[in-house]
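Reader: I am new to this structure and would like to learn how to read it, one feature at a time. Could you take me through it with the general idea ahead of each case?

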Amino acid sequence: MKKTLPLLILMALSLQTIAQKHSIGLKSGINWANANTGDLIKNTSGRKGLNAGLSYRYRINNNINAGAEMLYSQKGFQTDLNYVDADGNAATIDMEFNYDYLSLPLKVGFEKGNTISTFVNIGVVPSILLHAETLTPAIIGLAEASTVDVTENVAQFDFAGLAEFGVNFQLPGSFALSTSVAYQHSFTTVTTSEYFRGQRINHYGLSLSLGVNYLF
């Protein structure tokens, strides 16, 4: 019995380690998105939007992990629209270009630590367009506010690269908290033959996320 007890303890620890190679979770955060528009649109500013959804991670060994996510992600940008008002004065309004996606980040990376661990990931992000619209505010005396649905005209698929850094915090039991900051840049353009034909508009931006994960 004395000889078998250490063996049983070792087996229990080994099983616990194996059992916690997987994690599933919920995550939510903020996108600070913008777009490279070349010579098409000058002086763009970012859109602050939501990213939220499900995550899965597999810890291949003590240091290497791979993962996938399914996220609702809001991207886009704003630009100044200059005009002359009814009194002949120069004025400016903000015109918004909004794009909402179902994103499927696929990642692989390096992780170090146990109770508190840091990780660095790289990956790709294929995304399917859910909705796109252009918002123009009212111009007093000249035009009413308008929202134009351009979902059918915009490219229906986006493909981006990703780099991510984050920290995991092991909680008592089988749960962990994670926080991360990630940068994305699209390789593809949202433009088509029906939407800014002959031009390129590429998404880029940062996201800050917080998640809770169940380890098993």
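This is a predicted model: local features need pLDDT of at least 70, side-chain atom pairs count only at pLDDT 80 or more; totals for chains, interfaces and linings use all residues.

Reader: Which strand pairs with β5, and in what sense?

Author: Two strands pair if DSSP finds at least two bridges between them. Here β5 (residues 106–113) pairs with β6 in the antiparallel sense over 8 bridges, and the two form a hairpin with 2 residues between them. Within this pairing, Phe110 has Val120 of β6 as its bridge partner.

Reader: What is in contact with Ile64, leaving aside its neighbours within four places in sequence?

Author: Contact means heavy atoms within 4.5 Å. Ile64, found in strand β3 (residues 64–84), is in contact with Tyr58, Arg59, Gly109 and Phe110, once neighbours within four places in sequence are left aside. The C-alpha atoms of Ile64 and Val120 are separated by 9.8 Å, although the two residues are 56 apart along the chain.

Reader: Is Thr151 buried or exposed?

Author: Buried means under 20% relative accessible area, exposed over 50%, and partly exposed in between (1.4 Å probe, protein chains only). Thr151, in the loop between β7 (146–149) and β8 (157–170), counts as buried because its relative accessible area is 11%. Leaving aside neighbours within four places in sequence, Thr151 is in contact with Leu129, Leu130, His131, Ala132 and Gln156. The side chain of Thr151 is also joined to that of Asp149 by a polar contact of 2.7 Å; such a contact is a pair of N or O atoms within 3.5 Å, where within protein one must be able to donate a hydrogen and the other to accept it, and residues adjacent in sequence count only if both atoms are side-chain atoms.

Reader: Which residues of the largest nonpolar core touch the most other members?

Author: In soluble globular proteins, nonpolar side chains tend to be buried together. A nonpolar core is a set of buried Ala, Val, Leu, Ile, Met, Phe, Trp, Tyr and Cys residues joined through side-chain atoms within 4.5 Å. In the largest one, which has 14 residues, Phe77, Phe97, Tyr99, Val154, Val190 and Tyr195 touch the most other members. Strands β4 (90–103) and β6 (116–136) each supply at least two residues of this core, and the largest share, 4 residues, comes from β4. Not counting residues up to four places away in sequence, Val154 touches Tyr99, Leu129, Ala132, Val190, Thr192 and Tyr195.

Reader: What is the phi of Phe196?

Author: Most residues other than glycine have a negative phi, and most peptide bonds are trans. Phe196, in the loop between β9 and β10, has a phi near 50°, a positive value in a residue other than glycine. Phe196 is partly exposed, because its relative accessible area is 29%.

Technical notes. Residues are numbered from 1 along each chain as its sequence is written. Side-chain values use heavy atoms; hydrogens and water are left out.
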